[in-house]
Amino acid sequence: MQNERRRRRRRSGSEEKEKRNKFFINDNIDILTEILKRLDGPSLGVSSCVCRLWCTLTHNNDSLWEYLCFRHLSTPPPPSVRAMVAALGGYKRLYMVCVRPVLSRLGESERVRKRVWTRDDEVQLSLSLFCIDSYESSNGSDNSASSLMFLCNPVNV
Amino acid sequence: MAEKASPSSNSISLKTVDGKIFKVSPAIANQMLTIQPLIKDSDSSTIISLPDVAAFHLTKIIEYLEGKPAAAPSAVDAFEAQFVKDLSPEELKGLLIAVGYLKVNGLVDLMANTVAKLIENKSVEYVRKFFGVVNDFTPAEEAKCRQEHAWAFDGVDED
């Protein structure tokens, strides 16, 4: 009788331990964030649709998109840029409006992407486009003929 | 690996969740940022308990810290590539949690990069299954979320 009880106690103890050792990513938000900030853009977008927690994280944590915008750069822009980007609508917006269209046109080739996108000029370009976009939308003008956002559209050279 | 650490009076004892005790040199223990403050006040009789780390994970962490080449980035890359190659996805995930808890120098980066590569270009269902995450969206919420991120779903791998 006593043996039986002891055995049962031992068993529930080991089950508890097993449970504790089990991997639950959603119990470890810091680590989940470390993973998310290393994903490429489409994978981060897909991750938003995994569950409510992941959706909230990708919506509220703009620094994930900051990593994404500058992941191909050898030297990220100075921290002072952050305040400006935040004022213009945040890094997710910067990615969607200015970085993604350019990157997707550069195509799949990681080699081309690395060669082009690591140049500091490209940061300047995307930030400039971002300012233009923000300025134009604050004016409420949707006159596409005068819009400088044509710079974001494909061109045949 | 732990046996290799010199049994000198200033070695640090670490106890894993499954009850194993590892003796490591202060130089190794100091690279686990979470326990760093505890090391200063400990003597040879102190045992530091690590509630979130299993013996297997601590063995791997010590193996990494002791084996990582000091110089030449190319040697480090080769060592790290071999280190993660030997781990199954299950082991990777468990090790990532342990490494995150201990805040191990350099290893958080390596593990998070490796796991991120495993879920890049995968479907939502694949990612859920990989991490064992339950879908807690209502169908309407999920549809809205997928709609919002429709741009992300081009070129996702088949499961």
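Which residues of H4(A) are buried? The legends below take up this question along with several other close-up views.

The views show a predicted model, in which local features need pLDDT of at least 70 and side-chain atom pairs count only at pLDDT 80 or more, while totals for chains, interfaces and linings use all residues. Residues are numbered from 1 along each chain as its sequence is written, and chains are lettered from A and ligands numbered from 1 in the order in which they are written.

**View 1. The buried and exposed residues of H4(A)**. The buried residues of this helix are A:Trp54, A:Cys55 and A:Thr58, where buried means that 20 or more other C-beta atoms, placed from the backbone, lie within 10 Å of a residue's own, exposed means 12 or fewer, and partly exposed lies in between. Because these residues cover an arc of only 100° around the axis, they are on the same side of H4(A); the arc is that of the directions from the helix axis to the C-beta atoms. The face turned away from the buried side carries the exposed residues A:Thr56 and A:Asn60. The cover over the buried residues of H4(A) includes H2, H3 and helix H5 (62-69) of chain A, together with helix H8 (139-148) of chain B. Helices (H or I, at least four residues) and strands (E, at least two) are DSSP runs, numbered from the N terminus.

**View 2. The packing of H3(A) and H4(A)**. These helices pack at an angle of about 130°, with their axes 7 Å apart, the axes being lines fitted to C-alpha atoms over the stretch in contact and the angles running from 0 to 180 degrees between N-to-C directions. That angle makes H3(A) oblique to H4(A), since angles under 35 degrees count as roughly parallel, over 145 as roughly antiparallel, 65 to 115 as roughly perpendicular and the rest as oblique. A:Leu44, A:Ser47 and A:Ser48 of H3(A) make the contact with A:Trp54, A:Cys55 and A:Thr58 of H4(A), and two residues are in contact if their C-beta atoms, placed from the backbone, lie within 7 Å.

**View 3. The contact between chain A and chain B**. Here 25 residues of chain A are in contact with 34 residues of chain B. Helix H1 (2-21), helix H2 (29-36), helix H3 (41-48) and helix H4 (52-60) of chain A each supply at least two residues of the side that touches chain B, and H3(A) gives the most, with six residues.
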